[in-house]
Amino acid sequence: MTRSPDAVVIGAGVMGGSIALELARSGLVVAVVDKAGAAGHGSTSASSAIVRFNYSTRDGVATSWESKHCWQAWPDHLGFVDETGLASFQRTGMAVLDTPVNPRGPVIAHFDQIGVPYEQWDAATLRRRIAGIDAGTYWPPKRIDDDEFFQDAKGELGALFMPDAGFIDDPQLAAHNLIAAAQRLGTRCVFNATVTEVVRKNGRVAGVRLADGTRFSSPVVVNAAGPWSSGLNRLAGVGDDFTIVVRPMRQEVHYLDAPHEYSVASRFGPGIADMDLGTYMRPAPGNKLMVGGTEPACDPLEWIDDPDDASPSVTSEVYARQTTRAARRLTSLAVPVGAKGVAGVYDVAEDWTPIYDRTELDGYYVAMGTSGNQFKNAPVVGRIMVLLIERVEAGHDHDNHPVLYVGEHTGNAINLGAFSRKRPFNARSTGTVMG
Ligand SMILES: Cc1cc2nc3c(=O)[nH]c(=O)nc-3n(C[C@H](O)[C@H](O)[C@H](O)COP(=O)(O)OP(=O)(O)OC[C@H]3O[C@@H](n4cnc5c(N)ncnc54)[C@H](O)[C@@H]3O)c2cc1C
């Protein structure tokens with residue numbers, strides 16, 4: 001007879017994969033269930049997978065900096081070499097252009113404390129370091145059908161540059177790597193399996209039931225269901241004590257040919273976070289450029305009730321606005337007719353800061369609200385969730401005395417209270433994907 005798992009993880013995305021790996025490493029018998037057919041087929045598959053370190057909280061910065069070191073040593077992090085192939089970290093650097101909503105000062109203070117290298121660029125440096133960039137200030141972002149969109153720049157802007165930023169070349173493969181590493185340690189993965197019930201017994205979680213009636217009994221259940229997480233919480237009957245609302249939001253990312261000069265100096269040009277125009281860009285293999293959006297106030301937001309209802313096709317409207325903004329910044333970027341790209345769904349917490357926490361249902365934990373900016377943090381999220389689960393299951397009162405995680409690579413302490421479901425709204429957040 002198969003032993004009941006010590007922990008069930010719902011979701012085999014990059015988060016569920018990482019949590020399962022670390023739970024298995026801690027000696028637990030783990031089961032992962034996912035309604036999709038394979039690892040990383042949820043929102044992870046659409047991720048731009050940018051690795052950067054500018055967040056509005058000290059703990060957000062510390063988490064991303066620690067995670068970078070995990071990505072950089074990916075085979076060591078996994079503990080084995082996956083024959084399917086390994087995702088890899090591409091170091092490109094990233095320039096965060098100045099705007100009134102992301103002042104450099106607080107971020108630099110965190111960087112100094114945590115040890116994140118950075119450079120401060122003026123407009124001349126920006127032009128010198130990113131060939132073909134327009135260093136004009138256009139703030140605030142405008143709709144592209146607004147006449148003001150094409151008005152001359154009001155001045156010039158500089159940037160905060162993070163030389164160690166980059167991207168993961170294949171986010172879906174990264175999730176597969178994590179799941180394969182967990183399986184190697186005995187984790188059981190069940191795909192095409194939808195959780196339809198979170199089972200309770202004597203006031204705590206007792207397992208999950210699948211659509212086909214199969215039941216997994218377990219004293220610990222982790223909701224790592226990405227944009228489906230709030231729906232799952234409703235199923236579990238939790239959420240009343242959350243101070244932060246989490247909702248799914250549809251997003252698109254488009255692919256273009258990178259301008260010739262952009263990638264000349266190095267193999268890949270640097271990523272650009274451009275809240276001044278409302279866009280972000282990063283290089284991609286094959287001399288491509290990926291272009292996304294930063295939720296400028298002038299654009300409608302595509303909130304959705306059910307992630308399964310999100311159209312997977314990119315639209316000409318979103319393509320036009322995101323790529324036109326990118327072409328305003330990278331002046332020789334050509335925007336061909338015919339949108340190419342991917343559509344995905346963010347799991348947006350109202351302050352764009354994730355929730356990694358216990359819940360009011362003993363034994364039921366959440367890694368959710370990843371807000372379009374937590375792919376990069378997945379390696380560390382696995383570790384912090386396991387520490388949290390160990391401490392809370394041993395009786396620790398995390399709600400009143402938040403657990404501290406100390407990064408293995410950087411030695412930085414991360415206060416997990418920053419990711420509490422009961423935290424005060426993070427008022428320093430940019431209110432966008434930048435967190
Ligand atoms: C377009 C886009 C761009 C992004 N860009 C970046 C970026 O540049 N940098 C960055 O750091 N982050 C980025 N992100 C965010 C990042 O990709 C996500 O935070 C991360 O991938 C979420 O992983 P996850 O495992 O939590 O969710 P998912 O990958 O969505 O996995 C959840 C899984 O749960 C399963 N599931 C759901 N409900 C059930 C159920 N009832 N029963 C069984 N299984 C269930 C789903 O099938 C799915 O596989 C981006 C996201 C998107 C959508």
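This is a predicted model: local features need pLDDT of at least 70, side-chain atom pairs count only at pLDDT 80 or more; totals for chains, interfaces and linings use all residues.

Student: Which polar backbone atoms lie 3.1 Å and 3.2 Å from a nitrogen atom of the ligand?
Tutor: One belongs to Ser 48, at 3.1 Å, and one to Gly 372, at 3.2 Å. Each value is within 3.5 Å, so both pairs count as well.

Student: How much of the ligand's accessible area does the protein cover?
Tutor: On its own the ligand has 1000 Å² of accessible area, and the protein covers 97% of that.

Student: Which elements give two or more residues to the shell around the ligand?
Tutor: Helix H1 (14-25) and strand S21 (341-349) do. The ligand is surrounded by 37 residues, and Asp 34 and Lys 376 are among the closest.

Student: How do the residues of that shell divide by type?
Tutor: There are 19 nonpolar, 15 polar and three charged residues. Gly counts as polar here, so any Gly in the shell falls in the polar group.

Student: Where is Ser 47, and what does its side chain meet?
Tutor: Ser 47 sits in the loop between strand S2 (30-33) and strand S3 (50-51). A polar atom of the Ser 47 side chain is 3.0 Å from the backbone nitrogen of Ala 49. Apart from neighbours within four places in sequence, Ser 47 is in contact with Pro 171, Met 290 and Phe 375.

How values were computed:
Residues are numbered from 1 along each chain as its sequence is written. Side-chain values use heavy atoms; hydrogens and water are left out. A residue is near a molecule or strand if one of its heavy atoms lies within 4 Å of it. A polar contact is a pair of N or O atoms within 3.5 Å; within protein, one must be able to donate a hydrogen and the other to accept it, and residues adjacent in sequence count only if both atoms are side-chain atoms. Accessible areas come from the Shrake-Rupley method with a 1.4 Å probe; for residues, only the protein chains shown count as cover. Helices (H or I, at least four residues) and strands (E, at least two) are DSSP runs, numbered from the N terminus. Contact means heavy atoms within 4.5 Å.
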